[in-house]
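This briefing is intended for reading beside the sequence and the coordinates.

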Number of protein chains: 4
Amino acid sequence: MALDIVQLQQRLREFSAERDWDQFHTPKNLACALSVEAAELLELFQWLNDEQAQTAPQQPEFATRLGEEISDVLLYLLRLADVTGIDLAAVVERKIALNALKYPAEQARGHARKYDQL
Amino acid sequence: MALDIVQLQQRLREFSAERDWDQFHTPKNLACALSVEAAELLELFQWLNDEQAQTAPQQPEFATRLGEEISDVLLYLLRLADVTGIDLAAVVERKIALNALKYPAEQARGHARKYDQL
Amino acid sequence: MALDIVQLQQRLREFSAERDWDQFHTPKNLACALSVEAAELLELFQWLNDEQAQTAPQQPEFATRLGEEISDVLLYLLRLADVTGIDLAAVVERKIALNALKYPAEQARGHARKYDQL
Amino acid sequence: MALDIVQLQQRLREFSAERDWDQFHTPKNLACALSVEAAELLELFQWLNDEQAQTAPQQPEFATRLGEEISDVLLYLLRLADVTGIDLAAVVERKIALNALKYPAEQARGHARKYDQL
């Protein structure tokens, strides 16, 4: 199934308008909500060791909860981009190009050092 | 510009493989990275009052940084969904339907109470 | 009432030992838990505007929940310092001295710019 | 070295007043800052596997950075408690008692299930 970002943003806009929620969906509040949802996703993994965290997403119940938290993060992110007028496709292309410059394959291979420590 | 999620995930897969980074991109590490990036986005707003936070995204420099942080969150989210085998389009549809059930327009209108307090 | 940090850490050590939880209280897991609890605290404020957020802590029910979340953050922080052997009093003194250097009163007065932009 | 919480809060109050920062130290802003700092702490661990995360705090350079991040979280937490009028010692005692009720040693031993799943 394909994900139509522009259409999703339109649906979120309507969802918010129908509930008179635009007053809450300020950029700062949405940035807060995004951090809160990202933390709820992290909570699923917080006590799992490496091995457990690797296999947990194969369990149906865990996968369902993970899917819900991933969705919550994505929906707030789309909403934030929408209310702030950020063109998601454009900024993502730009960021991927930046990452390729900051992390050349040769220097970055096999370790997780930050770009300023390569 | 349209955003092709499936193609983006493919590009991230190649980006990681070329750098031998799959060893770092475990579900738990990506969940951590997601929270870290969401917090970097929040940092842009942390000292702004409501009014400042509302207008800041109209400033080009702020918008550029916001676009970068939004991209970071999105890219880690796509990567996490990819390595855990989550079908983004399917879980998002399901979550939107759940939200519509949890927050009927009539009961949810004009306030931000949680669904279990409606 | 005074807060005895060293004694608190001793009590948390016993609480964990009695439940055989030391296996979960690894530095990384506690760092995750800390972010999760900080986000639960943030959640209390996420939809409040500046004025509401200012007065909410005066409401008894809100204050109770805020107190619980503040406690959760503090307890995980104390536990993390304990399992990693960090001397809280020493690092806090050092950080306050660093902050005084990074943010001289004259240059930092009245704005929230980061030290590298003073 | 002992940590005097009340005295620390007094010093932070003065630090903020000297810089005219009280205007920024609203409850919501401090809650944001707390999440941001908790994420900076988490960032130190994000790409480490279990074994690396366990030994990293023994390296002096890592321990220094960890101490700084732990301090940042603690200082914002003390400041938040101060501006919201939360009595830290009282809420912490109450939370420890709650945790003992929610997680009786017998039922909670050896696993990390949430209290509502015991």
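Is Phe15(B) buried or exposed? Phe15(B) is buried, with a relative accessible area of 18%; buried denotes under 20% relative accessible area, exposed over 50%, and partly exposed the range in between, for a 1.4 Å probe and protein chains only. The model is predicted, so that local features need pLDDT of at least 70 and side-chain atom pairs count only at pLDDT 80 or more, while totals for chains, interfaces and linings use all residues. Residues are numbered from 1 along each chain as its sequence is written, chains are lettered from A and ligands numbered from 1 in the order in which they are written, and side-chain values use heavy atoms, with hydrogens and water left out.

**Individual residues**

- Phe15(B) lies in helix α1 (residues 5-18) of chain B; helices (H or I, at least four residues) and strands (E, at least two) are DSSP runs, numbered from the N terminus.
- Leaving aside neighbours within four places in sequence, Phe15(B) is in contact with Asn99(A), Ala100(A), Tyr103(A) and Trp21(B), where contact means heavy atoms within 4.5 Å.
- Phe15(B) and Ala108(B) are 93 residues apart along the chain, and their C-alpha atoms are separated by 43 Å.
- Arg19(A) is located in the loop between α1 (5-18) and α2 of chain A, and it is buried at a relative accessible area of 4%.
- Not counting residues up to four places away in sequence, Arg19(A) touches Ala100(B), Tyr103(B), Pro104(B), Ala105(B), Ala108(B), Arg109(B) and Gly110(B).
- Asp4(A), in the segment before α1 of chain A, is partly exposed, with a relative accessible area of 43%.
- From C-alpha to C-alpha, Asp4(A) is 29 Å from Ala56(A), a residue 52 positions apart from Asp4(A) in sequence.

**Packing of α2(A) with α2(B)**

- Helix α2 (residues 27-43) of chain A packs with helix α2 (residues 27-45) of chain B at an angle of about 165 degrees, their axes being 9 Å apart.
- Axes are lines fitted to C-alpha atoms, for helices over the stretch in contact, and angles run from 0 to 180 degrees between N-to-C directions.
- The angle makes α2(A) roughly antiparallel to α2(B); under 35 degrees counts as roughly parallel, over 145 as roughly antiparallel, 65 to 115 as roughly perpendicular and the rest as oblique.
- The residues of this contact comprise 16 nonpolar, two polar and one charged; Ala, Val, Leu, Ile, Met, Phe, Trp, Tyr, Cys and Pro count as nonpolar, Asp, Glu, Lys and Arg as charged, and the others, Gly among them, as polar.

**Packing of α4(A) with α5(B)**

- The axes of helix α4 (residues 60-84) of chain A and helix α5 (residues 88-102) of chain B come within 9 Å and cross at roughly 80 degrees, so α4(A) and α5(B) are roughly perpendicular to each other.
- Residues of α4(A) in this contact include Thr64(A), Glu68(A) and Asp72(A), and those of α5(B) include Arg94(B), Lys95(B) and Asn99(B).
- The residues of the contact divide into eight nonpolar, four polar and four charged.

**Cysteines**

- Over all chains, the structure holds zero disulfides, a disulfide being a pair of cysteine sulfur atoms within 2.5 Å.
- Cys32(A) is in no disulfide, and the nearest cysteine sulfur, that of Cys32(D), is 3.6 Å away, which is too far for a bond.
- Cys32(A) is buried at 0% relative accessibility, and Cys32(D) is buried with a relative accessible area of 0%.
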